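Please open the structure in your viewer and keep the selection tool at hand.

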Amino acid sequence: MMLSFLDLIAAAFFVCCWYGYTTFARKKAKTTDCIARCLHQHRIHWMHELIGHEIRVSDASLLANLERNIAFFASSTLLVLAGLLALFAKVEHVATVINSLPYAAFATEGKIQMKISLLVFIFVLAFFNFTWSMRQYGFLNVMVGAMPVDGQRENENLKRYARQMAIVQDQAAHSYNYGLRAYYFSLAALSWFYHPLLFMFASAFVVYTLYIREFQSKAVKAITAGQEILNQERDI
């Protein structure tokens, strides 16, 4: 058998951590203040304010800046994929290096190939998410360009249209977040080359880090407070 029983357990634990946290975060965001939930409200406020902007150069610049960040990760992902594919020709050298490390699990060429394949799959998934995010921001730019101007911001049809724009932007941000999450878990997968127990620990640590940053960080508290302030302003 190419993979040991411990390797199979570690791989299954990794999948459970990734899929489990993604499902947990999606459901918890519906009832708990977090980055995703609060930023969605901020996007709604932004799109409502955009209704009254006759000159939307600043809004276009903000959207372009978001797209540039995603484009950077998308292009970087291609470079990472090229490096990983090149590793398939150096499997013997990789196995020699790993087996020379103290306390590392014994690595065969077959194991190395499977572990590299996992990393390739992760970065292909990240690339799909980043490019889909870029496309959705492109859709949003079209919707912004099509929106009429209402200086009083009283047109109910335009308010509903603004909410639809916020949804498109929200979906683009989710795709970007999924791509970044793939990068986090790729670092955990990298530890599998050393030892499956370290792989399991790294997977759990990534889940802990993501949870703290998305639900318990100071940034979340500040964004939540800002959302409450904006809600009060819109009620005036």
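Is Phe185 buried or exposed? Select this residue in the model, which is a predicted one. Phe185 has a relative accessible area of 0%. Buried means under 20%, so Phe185 is buried.

**First stop: an aromatic pair**

Phe14 belongs to helix H1 (residues 5-28) and Phe185 to helix H6. The two residues are 171 residues apart, and their pair links distant parts of the chain. Phe14 also counts as buried, because its relative accessibility is 3%.

Next, select Trp192 and Phe199, which form a stacked aromatic pair. Their rings are 5.0 Å apart, centre to centre, with 15° between the planes. Both members are buried: Trp192 at 3% relative accessibility and Phe199 at 0%.

Then select Phe72, Phe73, Phe123, Phe130, Tyr176 and Tyr183, which form one aromatic cluster. Across the whole structure, a search finds 19 aromatic pairs.

Which residues have the most contacts inside the largest nonpolar core? Select Phe14, Met47, Ile112, Leu140, Met165 and Phe185 to display them. This core has 58 residues. Helices H1, H2, H3, H4 (91-99), H5, H6 and H7 (196-216) each supply at least two of its residues. The largest share, 13 residues, comes from H5.

Now centre the view on Ile112. Apart from its neighbours within four places in sequence, Ile112 is in contact with Val91, Val94, Ala95, Ile98, Ala107 and Phe193.

**Last stop: helix H3**

Finally, select residues 57-87, which make up helix H3. This helix has 31 residues. From its first C-alpha to its last, H3 reaches 45 Å, close to the 45 Å expected at 1.5 Å a residue.

Within H3, colour the buried residues: Asp59, Leu63, Ile70, Ala74, Ser76, Thr77, Leu81 and Leu84. As you look along the helix, recall that an α-helix has 3.6 residues a turn, so residues three or four places apart point the same way. What covers the buried residues of H3? The covering elements include helix H2 (35-50), helix H5 (109-146) and helix H6 (156-190). Display these helices together with H3 to complete the tour.

Notes: Residues are numbered from 1 along each chain as its sequence is written. This is a predicted model: local features need pLDDT of at least 70, side-chain atom pairs count only at pLDDT 80 or more; totals for chains, interfaces and linings use all residues. Side-chain values use heavy atoms; hydrogens and water are left out. Helices (H or I, at least four residues) and strands (E, at least two) are DSSP runs, numbered from the N terminus. The expected span of a helix is 1.5 Å times one less than its number of residues. Buried means under 20% relative accessible area, exposed over 50%, partly exposed in between (1.4 Å probe, protein chains only). Contact means heavy atoms within 4.5 Å. Rings of Phe, Tyr and Trp (its six-membered ring) pair if their centres lie within 6.5 Å; planes under 30 degrees apart count as stacked, over 60 as edge-to-face and the rest as tilted. A nonpolar core is a set of buried Ala, Val, Leu, Ile, Met, Phe, Trp, Tyr and Cys residues joined through side-chain atoms within 4.5 Å.
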